[in-house]
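Have a look at the structure, then read on.

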Amino acid sequence: MIAVITCQCRIGSDTAVREIALSGAAFRRILQNRGIDLTRGGASLAEAARQRQIPLAPLLEELQAVPASVPGNCRLPDWRHTGTRELVDFLQTKHHPYLKSEPYFLDTLFRKVLERNRGEWSRRFRLYRDWRDLSAALATHCELEERELFPRLAAGESGWTAARTAADLTGEHRYFLEQMDRLRRRSDMLENNRNDPALALLTESLTAYLDACEEHFFWEDCLLYPRLADVILRRGLPA
C-alpha cells in the first residue's frame, strides 16, 4: 500500500485547494470526485467550487468531517519539510515497485475473467485492451522517471534540464488521468456475475491500482516537481 500524508488542517472556504489535498488521501478523494484540480496553485476552495459550479457549504462540511473519521498517524513524516533526495528515494522504493509489479497480477486476472465469462467477452476484451495499453505506457513512464529524472534530483540537480523533464512527465500524468477516468467509467462491464471470485477480485484490484496511480501522480505534481520550479525562480536560471 502507498502511504499517505497526514496533518492537522483547519479547512475553510479560503483554504488553498493544494493545502487541503496535502492533508491526506481522504481529502483528495473528496476533491477528485467533484472534478477539482488538485494542482491549481493557491486557488481557494471557494474559487474551485465556483469554477466547478459546486455548492460550497456541503463540500466544506464533508471535508471538515474527515479528521473525525480518519485518524492521523504522527509517525509518518511530513514530506513537505523533508529533503528532495529522501522524497525521491521514498517514491522510487515504496511507490514504484507496486506500480510496476501489480499490472502482471492484473493481466492474469483479466485473462482469467475473459476465459471464464464468454458471454461478456467482446465488451470486456475492449476494456482489457485499453487497460493493457495504459499499463504499458505507465511502465515506460516509470522507467523514464527512474532513468532520467530521479537520479538527477537525488544528486541535487535542479536546473532547466530536470525541470523540462518534469514538465513532460506532468503532461503525461494528465493524459494518464484522463484515460484512467475512462476506465473507471467503463468498469460497469465488470459488475455482472459478481459471484465469480476472479471477477470480484479484478474489480477491487483494478480500482486499487488506479487509486495508487493517482496518489503517485499527486505526490510528484504537488510535492516533488514544484520544488524544481521554486529553485529556478529563486536562482533566476536562464532558459
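Rings of Phe, Tyr and Trp (its six-membered ring) pair if their centres lie within 6.5 Å; planes under 30 degrees apart count as stacked, over 60 as edge-to-face and the rest as tilted. By that rule, the structure holds eight aromatic pairs. Bear in mind that this is a predicted model, where local features need pLDDT of at least 70, side-chain atom pairs count only at pLDDT 80 or more, and totals for chains, interfaces and linings use all residues. Residues are numbered from 1 along each chain as its sequence is written, and side-chain values use heavy atoms, leaving out hydrogens and water.

**Aromatic pairs**

- Tyr98 and Tyr209 have ring centres 6.3 Å apart and planes at 50 degrees, so they make a tilted pair.
- Tyr98 sits in helix α5 (residues 84–116) and Tyr209 in helix α8, so this pair ties together parts 111 residues apart in sequence; helices here are DSSP runs (H or I, at least four residues), numbered from the N terminus.
- Buried means under 20% relative accessible area, exposed over 50%, and partly exposed in between (1.4 Å probe, protein chains only).
- Tyr98 is partly exposed at 23%, while Tyr209 is buried at 2%.
- Tyr175 and Phe176 form another tilted pair, 5.9 Å centre to centre with 55 degrees between the planes.
- Tyr175 is partly exposed at 44%, but Phe176 is buried at 2%.

**Aromatic cluster**

- Phe110, Phe125, Tyr128 and Trp131 form one aromatic cluster.

Key
Helix = DSSP H or I, 4+ residues; strand = E, 2+ residues; numbered from the N terminus.
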